[in-house]
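Subject: Structure handover

Hello,

Here is the structure for your files. My notes on charged side chains and aromatic rings follow below it.

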Amino acid sequence: MKDFVDIKSRILIQTKLNDFTSKKGMFLLWGKSGSGKSILLNEFAKKHNLIKISKLFNDRKEFESLIKKQVNNKPILLDEVGMYEESLLESVRIHSDEFAFVLSSHKMLKLFKKEHFQTRFVASCELKSLDKIELKDYIFKKHNLFFYEKEFRFLRKIYQGNLRNIDKTLQSFKDINGFYKESKSTLYKLRLSAIEQGLL
């Protein structure tokens with residue numbers, strides 16, 4: 001099962017990321033938990049041989065030390081920046097005159113709305129919930145499954161903008177489906193899968 005799924009809205013963001021590799025400044029990728037930020041970053045890092053930094057820095061000095069080690073102009077990927085201290089984010093902003101930073105956050109931070117930050121952002125992309133067509137596409141491409149409308153409505157209810165809910169439910173569904181085969185309805189097996197994952 002592949003992580004990155006080429007659905008329209010995500011491909012558009014991926015294209016913008018690819019265009020950012022030769023620029024300086026900051027690129028913000030934001031969206032609620034489970035929207036697919038880390039998967040997009042991982043795919044971007046893999047394609048361009050970059051390192052994604054998920055650790056939290058102890059202080060500004062530790063971050064500055066990392067910056068000094070950058071010997072090329074490749075983008076620096078910083079995940080979960082919503083947990084950074086403001087002083088550290090200020091350091092990122094200052095260094096964005098020399099380097100390219102891709103920042104990932106669960107939300108649009110208030111600090112990012114201030115003018116001195118806004119002028120440093122080359123792009124800002126929100127990963128919104130998938131629409132009905134995209135969610136069907138995601139389920140088919142990632143899990144090789146197709147559901148009828150009644151079953152799909154249930155999955156949309158489980159989804160709630162979090163793709164992890166879909167992935168966990170359908171992984172359980174595959175196991176449960178193999179056990180029950182045709183003795184239970186698909187909707188019954190989906191409900192059982194969601195209960196198993198603590199989503200009902």
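Lys150 is a residue of helix H7. Please keep in mind throughout that this is a predicted model.

Positive patch

Lys150 counts as exposed because its relative accessibility is 57%, and the cut-off for that class is over 50%. On the surface, Lys150 gathers with Arg153, Lys157 and Arg191 in a patch of positive charge. The biggest contributor to this patch is helix H7, residues 149-159, which supplies 3 residues.

Salt bridges

Side chains of opposite charge can pair when their charged atoms come close. Searching the whole structure gives 10 salt bridges.

Arg120 pairs with Asp97, and the closest N and O atoms are 3.4 Å apart.

Glu149 forms a salt bridge with Lys132, with 3.0 Å between the closest N and O atoms. Distant parts of the chain are linked here: Glu149 belongs to helix H7 and Lys132 to helix H6 (residues 132-143), 17 residues apart. Glu149 is partly exposed at 33% relative accessibility. For Lys132 the relative accessible area is 33%, so Lys132 is partly exposed.

Lys142 forms a salt bridge with Asp167, where the closest N and O atoms are 3.3 Å apart. Since Lys142 lies in helix H6 and Asp167 in helix H8 (residues 163-180), the pair ties together parts that are 25 residues apart in sequence. Are Lys142 and Asp167 buried or exposed? Lys142 is buried, with 7% relative accessibility. Asp167 is buried as well, because its relative accessible area is 14%, and the limit for buried is under 20%.

The network consists of Asp6, Asp137 and Lys141, which are joined by salt bridges that share partners.

Aromatic rings

A pair of aromatic rings is described by the distance of the centres and the angle of the planes. The count for this structure is 10 aromatic pairs. One of them is Phe63 with Phe101, a tilted pair at 6.3 Å centre to centre and 35° between the planes. This pair, too, links distant parts of the chain: Phe63 is in helix H3 (residues 60-68) and Phe101 in strand E4, 38 residues apart. The relative accessible area of Phe63 is 0%, so Phe63 is buried. Phe101 counts as buried, also at 0% relative accessibility.

Phe112 and Phe121 make an edge-to-face pair, with 5.3 Å centre to centre and 80° between the planes. Why edge-to-face? Planes over 60 degrees apart fall in that class, and the angle for Phe112 and Phe121 is 80°. Both of these residues, Phe112 and Phe121, are buried.

Finally, Phe63 and Phe101 belong to one aromatic cluster together with Phe57 and Tyr84.

Regards

Technical notes
Residues numbered from 1 in each chain as written. Predicted model: local features only at pLDDT ≥ 70, side-chain atom pairs only at ≥ 80, totals over all residues. Heavy atoms only, no water. Patch = residues over 30% accessible without salt bridge, like charges linked within 9 Å, V, L, I, M, F, W, Y side chains within 5 Å. Areas by Shrake-Rupley, 256 points an atom, 1.4 Å probe, with all protein chains shown as cover. Salt bridge = Lys/Arg side-chain N within 4 Å of Asp/Glu carboxyl O. Lys, Arg positive; Asp, Glu negative; His and termini not counted. Charge placed at Lys NZ, Arg CZ, Asp CG, Glu CD. Helix = DSSP H or I, 4+ residues; strand = E, 2+ residues; numbered from the N terminus. Buried < 20%, exposed > 50% of the residue type's maximum accessible area, 1.4 Å probe, protein only. Phe/Tyr/Trp six-rings, centres within 6.5 Å; stacked < 30°, edge-to-face > 60°.
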